[in-house]
Structure formats: structure tokens, C-alpha cells
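Thanks for coming. I will take one structure and go through a few places in it.

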Amino acid sequence: MEEKFDIAIVGGGPAGLSAACTAANAGAKVILLEKDEAIAHSIRTSGVTWIDAMNKLGIPGKYYNLVQNYRFVSPSNDVTISGSSPKSCVLDVRGTYQHLAFLAAEAGAKIMVRSNVINVIKEGDGRIAGVKASTPKGDMIVRSTLVIDASGFSSSVARKAGVAGEWKRYGIGAEYECYCDGVDSTTWILMVGQQYSDAGYAWAFPLSENRVRIGVGIGRPESSTDPLDGLHELMEKRPRPLDSMGKIQPVELHYGFIPNDGVRQNSVADGLVMVGDSAGQSNPLVLEGIRYAIEFGRLAGQVGTKSLARNSDMESLMEYERAWKSKVESKIQSALKVQMRWIKLSDEEWDREIEILRDMTVDEFLDFIKADFTAGKMMKLALHHPKMAARQLFNMILKS
């Protein structure tokens, strides 16, 4: 079986679905191939993000829980930054992704689930000209002017095409979505120190008054620990603050990978665009990238459709790469510096590090944790927070 499309998109996460919707709305003939049995069949993210970003991107409020307080727990310290209004949120990931899928379908994109790309089609000059996929209808050859790799951490299309290699540094997260007696639905919690993760952190992100995501993340190659083992130990020992949450009963298990190696040197090639985690578009401080995936997925769909008139050659696709990198590349690089500092901290150093947060306003904290590292904001933080540890942290970012 063989079909021809203008754009073939690999991956039914937020990046691929957003690219499909935008390209189809612009008049392109689009197919999206998702390897799982359903859109958002497997949840690979904790879903933490920011309300202003979701509003800007048009994600309805029914798909997220509002958060206004931010608690950090270390072995011997406990700091809460309290806000007067919600500015963060935790997404209903399955609901959000399926909402994006319906928008793409409404726009005219063809979506095929349980369709796994097994090979990349190349022309004699090396240009990518489509993919071969295993689908419920049998093996399928999809010829296209442009392929958008939105396959996430695996970067499956770009790797099969020889355009990108494996990530050298990355995070792995294991998380239970739980029924819980005692959840403060307005507060998310980050836990740092060896009892929580030997090279990362743990979290408790609320979805409602009785529903919470409890997870453990670790960094490779800094640790060889399986985060699932760490999660089970955390759930059994229930250190602070889990000790005050009452009955905790898991109902779902989530497991995922996220790149933690900066952005791809090249996110485009002749006939190919990489977007989302495939391109390294993620914030390493709280390992979140859904807002980038949606925004830059739409950009990829827009630029990709325009590029069809020029056979989607690399030059016509560079508009996409220049635009997204000018917006976030330096911020991601600065965030990586902070993360490298954090990974090396001892328990005692973590106790002192989170003390920096105690004097921050909510807006200052959110600019920092969102990796919104403009020079002006960091200079202001360095001047307003004269503690030595704080000055070292903010000055380190200013030197990026």
C-alpha cells in the first residue's frame, strides 16, 4: 500500500498534533502516524506547565488544575512560596492531547494509530522523501514532500535518516498517578536530596483534591539508578511531605524519557523538520516541554507548509530553526548550567540552596523555574537577593 501526502508527521504528542492541525488548516495534505494504540495511550510526562502559556496557546481551562503555591522540601529544610492567584497548573495530559488530536482531525489531517515507522525513504541525493510504516492495515509506504519528526525522545525519523544521534544526557522519570486522602490541590511540591533522588528530584503534582502525581526523576549519566526503584522506595518509606498525605493508592504508572543535552545542533534537513523533544525543546529545570511542543509544533506546520513550494529544501526550512532557537536556545543553555549545579549538591548544600527561594516573590520564582533567563531579570535578582549563594547562582546565569 502506498499513499502520497504533502507532509507526513511521525508522533502523536503535542508537537506532532499541533503541526498537523496548523499544516492542514493551511491547506496541506497531512498524515500523522502514532505508534501507540491511541493518542495519549501512554503518559510520559508529569504535565506541569504555566497558565499564561496555556491561555496563549488556547488550551481550555477544563484540561488543567490550577496551582498557586510552590513548596520545596530538602532533608532539613522546607520552603513554600505562596501566591495570591494561580499561575502554574498541572495538565490532564490525556485530555489535552486528545483535544489537540480532535483539532487536527477537524482541520483535515489523517491520523493513524498503532502505526510504527520502520524505515525512512531517501532519494538519491539524500533528501528525505517519506517513511515506511507498519499499520493496522498492513505495511504502508508514505511518500511526502516533508517529514516532521515529532517522535519525542527517540528522534526515530532523524536517527533512521542519519541526521541525529542518541542523546548523551537525559532524564528518566517514573510516576504514579494516585488517589490520595490529603492533597492540597493548589500546591505543587518538589523534593530534593539523596533520600528522594541521587541525581535529580522527586515531585508531588496535584490534579484535584484527591488525585496527585508522585514521581522520581534521575539524570543520566550522573546516575544509573532506575527511577522506578526510587519511586517504590519513596512510596514505602513516605518521608516528609508524603507522611502527611494520608492514604495513597496508585491507579496509573507513567514512565518517560526527556532530553537533557541542550538543543540539537541542526533541527532541519532536506525534507525533514524536528520538533518537540526530538529537537531538544525542553526546560531542564522541571523537565517540562509541552508548551514548547505546542508552540513550535505550530511553527513547524506553518513554515513546513510554506516550504512545500520549494520542495521543502533545507534553506526553506531554516526560518523554523532560526525562529525557535532565537526564542529559547540561550534560555535552555542557561537552565542546563543551573541543573548541572543542582545535580552536584549534597544534602547540606540543598538545605542552603532552597533557602534562596524563601525571599523570592512568586513572579521571581516563576521566571527562574520557567527558565525565563533574560539578562535584565537575572541582574535584578542578583541585586535584590544579596545572600552569597543567591548571588553566585544568578551571576552564573548572567555569564552564560
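Where does Ser-267 lie? Keep in mind that this is a predicted model. Ser-267 sits in the loop that runs between strand 16 (248–259) and strand 17 (268–269). Is Ser-267 buried or exposed? Its relative accessibility is 0%, so Ser-267 counts as buried; the cut-off for buried is under 20%.

Now its surroundings. The side chain of Ser-267 makes a polar contact, at 3.1 Å, with the side chain of Trp-324. Setting aside neighbours within four places in sequence, the residues in contact with Ser-267 are Leu-272, Val-273, Met-274, Ala-279, Tyr-320, Glu-321 and Trp-324.

Tyr-320 leads us to the largest nonpolar core, which has 110 residues. The members that touch the most others there are Ile-9, Val-30, Ile-148, Trp-188, Tyr-320 and Phe-365. Helix 7 (residues 314–343) gives the most to this core, namely 10 residues. Another core, of 24 residues, lies apart from it and includes Ile-172 and Leu-242.

On to Trp-188. Not counting residues up to four places away in sequence, Trp-188 touches a list of residues, including Trp-50, Tyr-70, Arg-71, Phe-205 and Phe-365.

Last, a pair of helices. Helix 1 (residues 14–25) packs with helix 3 (residues 93–107) at an angle of about 20°, and their axes are 8 Å apart. The two are therefore roughly parallel to each other, and helix 1 passes helix 3 in a left-handed crossing. Among the residues making the contact are Leu-17, Cys-21 and Ala-24 of helix 1, and Tyr-97, Leu-100 and Ala-104 of helix 3.

Key. Residues numbered from 1 in each chain as written. Predicted model: local features only at pLDDT ≥ 70, side-chain atom pairs only at ≥ 80, totals over all residues. Heavy atoms only, no water. Helix = DSSP H or I, 4+ residues; strand = E, 2+ residues; numbered from the N terminus. Buried < 20%, exposed > 50% of the residue type's maximum accessible area, 1.4 Å probe, protein only. Polar contact = N/O pair within 3.5 Å; in protein donor to acceptor, adjacent residues only side chain to side chain. Contact = heavy atoms within 4.5 Å. Core = buried A, V, L, I, M, F, W, Y, C linked by side-chain atoms within 4.5 Å. Axes fitted to C-alpha atoms, helices over the stretch in contact; angles between N-to-C directions. Parallel < 35°, antiparallel > 145°, perpendicular 65-115°, else oblique. Left-handed = near helix turned anticlockwise from the far one by under 90°.
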